[in-house]
Amino acid sequence: IQKHFGEVRITATERGCIPMCSAPLQVRDINGVTRIGGRAGAVKPGTGYAFKNMHSQAVAITAQLLSGEKPVLKQPSRRFRFYDRLLLWILSNKPELGKPIFQQLFQRNSTPHILHFLDEKTSLIRDAGILLSLPFRPFLSALRQDLKHNSPQVPKPAMLSLLALFLWFIYAGAPELYMPLQWLLIIVTGK
């Protein structure tokens with residue numbers, strides 16, 4: 001830092017940890033208090049990505065207050081919380097796969113696409129492209145576990161649509177993997 005910006009003086013230090021958990025936040029509503037940041041779901045559970053979400057929350061709250069409205073924050077996307085659950089399962093059960101997953105994410109995708117994905121502003125097609133750039137076996141294992149343990153939380157029609165899209169992309173890019181994945185889909189979903 002000194003090399004590029006000159007003399008630096010540390011005036012204070014702080015420590016913290018980012019909660020990487022997909023469980024819903026249990027917070028008590030307090031009249032007149034609008035939660036922001038981590039307590040308002042701004043931290044992406046799978047990556048800890050938060051600053052852009054916190055900035056967006058602050059802008060939204062400011063606009064609502066200036067227009068005389070009561071601040072209401074956008075709820076986290078169920079689709080992206082699903083992706084986060086898969087990644088968290090992998091990181092929790094096979095932590096050695098974290099580095100290769102993130103390396104492939106950044107090597108095979110442009111930074112704007114990754115940031116758009118982290119901002120939860122991508123379409124299912126873009127999501128599929130990003131997800132297909134990652135090692136698929138760990139995510140299939142995580143998907144199987146998620147379906148087994150979180151089936152009430154999983155949006156079934158969206159899940160099956162995403163799986164169908166995933167299979168279509170696999171078929172288009174690697175036809176030899178299509179039949180095994182189709183059988184896996186039948187086994188996992190029971191359909």
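Predicted model: local features only at pLDDT ≥ 70, side-chain atom pairs only at ≥ 80, totals over all residues.
Student: Is Ser133 buried or exposed?
Tutor: The relative accessibility of Ser133 is 8%, and the cut-off for a buried residue is under 20%. Ser133 therefore counts as buried.

Student: Which residues does Ser133 touch, not counting residues up to four places away in sequence, and which backbone oxygen lies 2.5 Å from a polar atom of its side chain?
Tutor: Once residues up to four places away in sequence are set aside, Ser133 touches Gln104, Arg108 and Asn109. The backbone oxygen that lies 2.5 Å from a polar atom of the Ser133 side chain belongs to Ile130.

Student: How are the planes of Phe80 and Tyr83 arranged as an aromatic pair?
Tutor: A search of the whole structure finds four aromatic pairs. Phe80 and Tyr83 form an aromatic pair with 5.3 Å centre to centre and 80° between the planes; because planes over 60 degrees apart count as edge-to-face, this pair is edge-to-face.

Student: What separates Phe80 and Tyr83 along helix H3?
Tutor: Helix H3 spans residues 78-93, and Phe80 and Tyr83 are three residues apart in it. Both residues are buried. Their spacing in helix H3 means that they are separated by about one helical turn.

Student: Which residues form one aromatic cluster with Tyr83?
Tutor: Tyr83 also forms a tilted aromatic pair with Phe82, at 6.0 Å centre to centre and 55° between the planes, and both Phe82 and Tyr83 are buried. The residues that form one aromatic cluster with Tyr83 are Phe80, Phe82 and Phe117.

Technical notes
Residues numbered from 1 in each chain as written. Heavy atoms only, no water. Buried < 20%, exposed > 50% of the residue type's maximum accessible area, 1.4 Å probe, protein only. Polar contact = N/O pair within 3.5 Å; in protein donor to acceptor, adjacent residues only side chain to side chain. Contact = heavy atoms within 4.5 Å. Phe/Tyr/Trp six-rings, centres within 6.5 Å; stacked < 30°, edge-to-face > 60°. Helix = DSSP H or I, 4+ residues; strand = E, 2+ residues; numbered from the N terminus.
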